[in-house]
Amino acid sequence: MHRANFIYLTKRNYFNTTYFHRVVKNFIIQGGSSDESITQKERKAIGKYLIPAEFRSNLKHNYGALAAARDWEKNPEKKSNPFEFYFIQNKKGSHHLNGEHTVFGRITKGFDVMDKIASQETDPGEYPLLNIEIKVSIR
């Protein structure tokens, strides 16, 4: 379901209205949100929903893993936010997140781009000082 949702949002060009909005060097790069009115309008058009957790033993929070973000509070079923995702940027992985967030993909090339994003300066709240636009397409 997570993979299908990501493809669905990509085909709608949703992610192309968003930014990488959380950068924690040697941990994660999170994207899929924006304060832009076009993003908020698109979210409203798509509707509110959560995705049930899909934990698989062969998908772990290794370097380059693609996973779904989720709310921690009042979410005992660990359902995922359909709009926000993150990549694991720590070369050792972030295995403490296994069983907490659904991993549904991985980076196979372009690690240098991920590392370049991770090197961006952030404010104390982990927001990049410069907007890092997302452009996603399916081939």
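By class, the lining of the largest cavity holds 8 nonpolar, 3 polar and 1 charged residues. Here Ala, Val, Leu, Ile, Met, Phe, Trp, Tyr, Cys and Pro count as nonpolar, Asp, Glu, Lys and Arg as charged, and the others, Gly among them, as polar. The model is predicted: local features need pLDDT of at least 70, side-chain atom pairs count only at pLDDT 80 or more, and totals for chains, interfaces and linings use all residues. Residues are numbered from 1 along each chain as its sequence is written, and side-chain values use heavy atoms, with hydrogens and water left out.

A search of the whole structure finds 1 cavity of 30 Å³ or more. A cavity is a set of points on a 1 Å grid over the protein atoms alone where a 1.4 Å probe fits but cannot get out; a pocket is an open set with protein on both sides within 12 Å along at least five of seven lines; lining residues have an atom within 4 Å of a point. Grid points are joined across faces, edges and corners, and a volume is the space filled by probe spheres set on the points. Helix H1 (residues 2-11) gives the largest share, 3 residues. Helices (H or I, at least four residues) and strands (E, at least two) are DSSP runs, numbered from the N terminus.

Open space was examined next. The largest pocket has a volume of about 670 Å³. It is lined by 21 residues, and Phe87, Ile107, Lys109, Lys135 and Val136 are the closest to its centre. Strand E4 (85-88) and helix H3 (111-118) each supply at least two lining residues. The largest share, 3 residues, comes from H3. The lining comprises 13 nonpolar, 3 polar and 5 charged residues.

The second largest pocket holds about 340 Å³ of space. Of its 17 lining residues, His21, Ser33, Ser34, Asp35 and Tyr127 lie nearest the centre. Strand E1 (19-24) and strand E2 (28-33) each contribute at least two residues. E1 gives the most, with 4 residues. By class, this lining has 7 nonpolar, 5 polar and 5 charged residues.

Nonpolar packing came next. In soluble globular proteins, nonpolar side chains tend to be buried together. The largest nonpolar core has 21 residues. Such a core is a set of buried Ala, Val, Leu, Ile, Met, Phe, Trp, Tyr and Cys residues joined through side-chain atoms within 4.5 Å. Buried means under 20% relative accessible area, exposed over 50%, and partly exposed in between (1.4 Å probe, protein chains only). Phe15, Phe20, Ile29, Phe85 and Phe87 have the most contacts inside the core. H1, E1, E3, E4 and H3 each supply at least two of its residues. H3 gives the most, with 3 residues.

Aromatic rings were then paired. Rings of Phe, Tyr and Trp (its six-membered ring) pair if their centres lie within 6.5 Å; planes under 30 degrees apart count as stacked, over 60 as edge-to-face and the rest as tilted. The count comes to 11 aromatic pairs. The Tyr49 and Phe83 pair is tilted, because the ring centres are 6.1 Å apart and the planes stand at 55 degrees. This pair links distant parts of the chain, 34 residues apart. Tyr49 lies in the loop between helix H2 (37-46) and strand E3 (65-68), and Phe83 in the loop between E3 and E4. Tyr49 is partly exposed at 28% relative accessibility, whereas Phe83 is buried at 6%. Ring pairs link Phe6, Tyr14, Phe15, Phe20, Tyr49, Phe83, Phe85, Phe87 and Phe104 into a cluster.

A charge also sits over a ring. Arg70 lies over the face of Trp72, at 4.2 Å from the ring centre. The rule asks for NZ of Lys or CZ of Arg within 6 Å of the ring centre and within 35 degrees of the ring normal.

Asn13 is in the loop between H1 and E1 and is partly exposed at 44% relative accessibility. Its phi is near 65 degrees, a positive value in a residue other than glycine. Most residues other than glycine have a negative phi. Asn13 and Lys135 are 122 residues apart in sequence and 8.6 Å apart in space, C-alpha to C-alpha. Lys78, in the loop between E3 and E4, has a positive phi near 60 degrees. Lys78 is partly exposed at 23% relative accessibility. Thr102 lies in the loop between E4 and strand E5 (103-106) and is buried at 1% relative accessibility.
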